[in-house]
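Look at the sequence and the model before reading on.

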Amino acid sequence: MEKGSGAGMGRAEWAMLLALSVLWGGSFFFVKVALADLRPFTVVLGRLGLAALALHLLVRAMGRKMPPSPRAWGAFLVMGFFNNLIPFCLIVWGQTRIASGLASILNAATPLWTVLLAHLLTRDERLTPAKIVGILGGLAGVAVMVGPDAFRGLSTSVIAELAVVGATVSYALAGIFGKRFRGTPPLVTAAGQVTCSAALLLPVALLVDRPWTRPAPGALALGAVVGLALLCTALAYILYFRLLASAGATNLLLVTLLIPVSAVLLGTGVLGERLEPRQAAGMGLIALGLVIMDGRLPRKLFSRPI
């Protein structure tokens, strides 16, 4: 059975997929908790720095070695810039002004941009009618969530929402660029890109946030950063790459539909956030667009005998 097919998902793969969705959905919750005491760049730096340390220890424990060539580290630098530094900073800053659940729903638009940009930037991934319909439906969902406020001027909440959308575009570019790492052990790629991201962000966080001028963060904020680093980054990467090998990239798109579920539940149940009707409608449109793009469910529905 082909890895990209739905039938290739056994119980173990489904368990890992659900766990990954909870980890990445939980990242929006941890960010909101950490922001109570820490500035945005400091939160991201803590996440990346601790995750890099954990991943390097794991690389060493598994007997792997990081590549010594400048060319390899240059590729890690580009990947880390688009896959970690830009999107993490945009999402965390966005969450200083919008709810974690809303940020997670907007983040679900990542595959829409991936498909569109892959068509424009590569030769082997072309748009199909189903993908075009899915992209239009998903983008309509984003427009519904941003809402009519965008036409009345760029308020801080609209800018925050657009920042999260910008993060999804960066993720999409990273996904396209990341194809060049097919010959590199996934754990090495994860450690390399996270390390480069942390190194790039360190001077920015020190100059902008000046963390030494702020009161010492509380235990909850520090615990949230540790959770972001070890659970939502290091452990999530391990699950991600194991799923990529066993279930295929197509099935991994399903995690995008599941992430907002855990993020919204944590946001409304623990943080007391409120999900507006238009945000729920937007999530539905994005989910519908992803289902159409994926194609498996529509094929099953329309291939059944009447």
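Helix H3 bends by about 45° at Phe 81, the bend being the angle between axes fitted to the seven residues ending there and the seven starting there. Helices (H or I, at least four residues) are DSSP runs, numbered from the N terminus. This is a predicted model: local features need pLDDT of at least 70, side-chain atom pairs count only at 80 or more, and totals for chains, interfaces and linings use all residues. Residues are numbered from 1 along each chain as its sequence is written, and side-chain values use heavy atoms, without hydrogens or water.

**Length of H3**
- The 25 residues of H3 should span 36 Å at 1.5 Å a residue, and its end C-alpha atoms are 34 Å apart, which agrees. The expected span is 1.5 Å times one less than the number of residues.

**H3 and H8**
- The axes of H3 and H8 (residues 186-208) come within 7 Å and cross at roughly 65°. Axes are lines fitted to C-alpha atoms over the stretch in contact, with angles from 0 to 180 degrees between N-to-C directions.
- H3 and H8 are therefore roughly perpendicular (65 to 115 degrees).
- Phe 81 in H3 is among the residues that meet H8; contact means heavy atoms within 4.5 Å.

**H2 and H3**
- H2 (residues 40-61) and H3 (residues 70-94) have axes that come within 9 Å and cross at roughly 135°.
- Residues of H2 including Pro 40 and Phe 41 meet residues of H3 including Phe 88 and Trp 93.

Key: Helix = DSSP H or I, 4+ residues; strand = E, 2+ residues; numbered from the N terminus. Parallel < 35°, antiparallel > 145°, perpendicular 65-115°, else oblique.
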